[in-house]
Amino acid sequence: MGRFLYWMNVSLDLRIEQVPGDDGAGEWLRIDEELHREFNARARTLAGMVQGRVIHETMEEFWPRAREDASLPDFMREYGEIWTSAPKVLVSRTRHSADHGTRIIGGDDAIEQLAALKAETDGTLGVGGAALATQLLRAGLLDELLLFTHPAILGFGRPLFDDWDMPIELDLIEQRSFKQGVTMHHYAIRETNSC
């Protein structure tokens with residue numbers, strides 16, 4: 001049985017973007033070489049990546065080209081290779097094809113298909129996208145959170161989960177601090193949280 005891990009950069013007030021589309025590129029993010037190498041190491045251990053359409057399209061726009069872009073630092077080219085080569089699932093009602101080893105799950109039974117994927121997977125599946133993570137949490141399928149908290153309070157913007165107003169009990173698995181002031185917290189979601 002696999003595990004779904006929601007991996008996200010967040011502000012101190014648990015915002016993932018201040019304005020639509022700044023996820024991964026907002027000025028409030030402090031992603032330096034040290035942090036990027038941590039991302040690379042963790043991404044390398046995933047059994048696969050499960051992404052909502054918006055985050056997948058952001059990733060596919062940049063990372064396949066980045067792996068061969070000599071103007072980029074080696075750690076970014078490395079992540080381009082990791083992302084492009086990894087098994088991926090795109091959860092979308094509108095996309096019917098995708099490159100780079102990407103399987104598409106969509107339709108009214110998407111959560112059931114994701115439950116089956118989890119059951120047949122040996123290892124951790126990284127989840128990207130607030131809407132997708134919220135749906136998995138609501139279905140009792142989300143197992144862990146990996147939050148990289150940046151030293152910024154945004155005050156407004158998109159929250160970690162979309163349309164979620166229930167308490168979530170967590171157990172801390174590991175934590176780490178980085179030189180730029182970013183902290184990593186890896187949590188297990190207690191089973192009592194499923195709706």
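A: Before starting, one definition: a residue counts as buried under 20% relative accessible area, as exposed over 50%, and as partly exposed in between. The model discussed here is predicted.

Q: Which residues of helix α4 are buried?

A: The general idea comes from helix geometry. An α-helix has 3.6 residues a turn, so residues three or four places apart point the same way. In this model, helix α4 covers residues 110-120, and its buried residues are Ala110, Leu114, Leu117 and Lys118. These four lie on the same side of α4, because the arc they cover around the axis is only 100°.

Q: Which exposed residues does the face of α4 turned away from its buried side carry?

A: That face carries Glu112 and Glu120, both exposed.

Q: Which way do the residues of strand β4 point?

A: In a regular strand the side chains alternate between the two faces of the sheet. Strand β4 spans residues 88-91: Lys88 and Leu90 point one way, Val89 and Val91 the other way. All four of these residues are buried.

Q: In what sense do β3 and β4 pair, and over how many bridges?

A: Strand β3 (residues 48-52) pairs with β4 in the parallel sense, over four bridges.

Q: How do strands β9 and β10 run, and how many bridges join them?

A: Strand β9 (residues 170-177) and strand β10 (residues 183-189) run antiparallel and are joined by seven bridges. Within this pairing, Glu174 stands opposite His186 of β10. The hairpin has five residues between the strands, and Gly181 takes a positive phi near 95° in it.

Q: How many aromatic pairs are there?

A: A pair of aromatic rings is described by the distance of the centres and the angle of the planes. Rings pair if their centres lie within 6.5 Å, and planes over 60 degrees apart count as edge-to-face. By this rule there are seven aromatic pairs. One of them is Phe39 with Phe148, an edge-to-face pair with 4.9 Å centre to centre and 80° between the planes. This pair links distant parts of the chain: Phe39 belongs to helix α1 (residues 33-44) and Phe148 to strand β7 (residues 142-150), 109 residues apart. Phe39 is buried at 8% relative accessibility, and Phe148 is buried at 0%.

Q: Why is the pair of Phe62 and Trp63 edge-to-face?

A: The planes of Phe62 and Trp63 are at 85°, so the pair is edge-to-face, with ring centres 4.8 Å apart. Phe62 is partly exposed at a relative accessible area of 33%, whereas Trp63 is buried at 10%.

Q: Which residues do ring pairs link into a cluster?

A: Ring pairs link Trp7, Phe39, Phe148 and Phe178 into a cluster. A ring can also have a charge over its face: Lys88 lies over the face of Trp83, at 4.6 Å from the ring centre.

Q: Where is Thr134, and is Thr134 buried or exposed?

A: Thr134 sits in helix α5 (residues 130-138). With a relative accessible area of 2%, Thr134 is buried. Leaving aside neighbours within four places in sequence, Thr134 is in contact with Phe161, Asp162 and Trp164. A polar atom of the Thr134 side chain lies 2.8 Å from the backbone nitrogen of Asp162.

Definitions and conventions: Residues are numbered from 1 along each chain as its sequence is written. This is a predicted model: local features need pLDDT of at least 70, side-chain atom pairs count only at pLDDT 80 or more; totals for chains, interfaces and linings use all residues. Side-chain values use heavy atoms; hydrogens and water are left out. Rings of Phe, Tyr and Trp (its six-membered ring) pair if their centres lie within 6.5 Å; planes under 30 degrees apart count as stacked, over 60 as edge-to-face and the rest as tilted. Helices (H or I, at least four residues) and strands (E, at least two) are DSSP runs, numbered from the N terminus. Buried means under 20% relative accessible area, exposed over 50%, partly exposed in between (1.4 Å probe, protein chains only). A charge sits over a ring if NZ of Lys or CZ of Arg is within 6 Å of the ring centre and within 35 degrees of the ring normal. The arc is that of the directions from the helix axis to the C-beta atoms. A polar contact is a pair of N or O atoms within 3.5 Å; within protein, one must be able to donate a hydrogen and the other to accept it, and residues adjacent in sequence count only if both atoms are side-chain atoms. Contact means heavy atoms within 4.5 Å. Two strands pair if DSSP finds at least two bridges between them.
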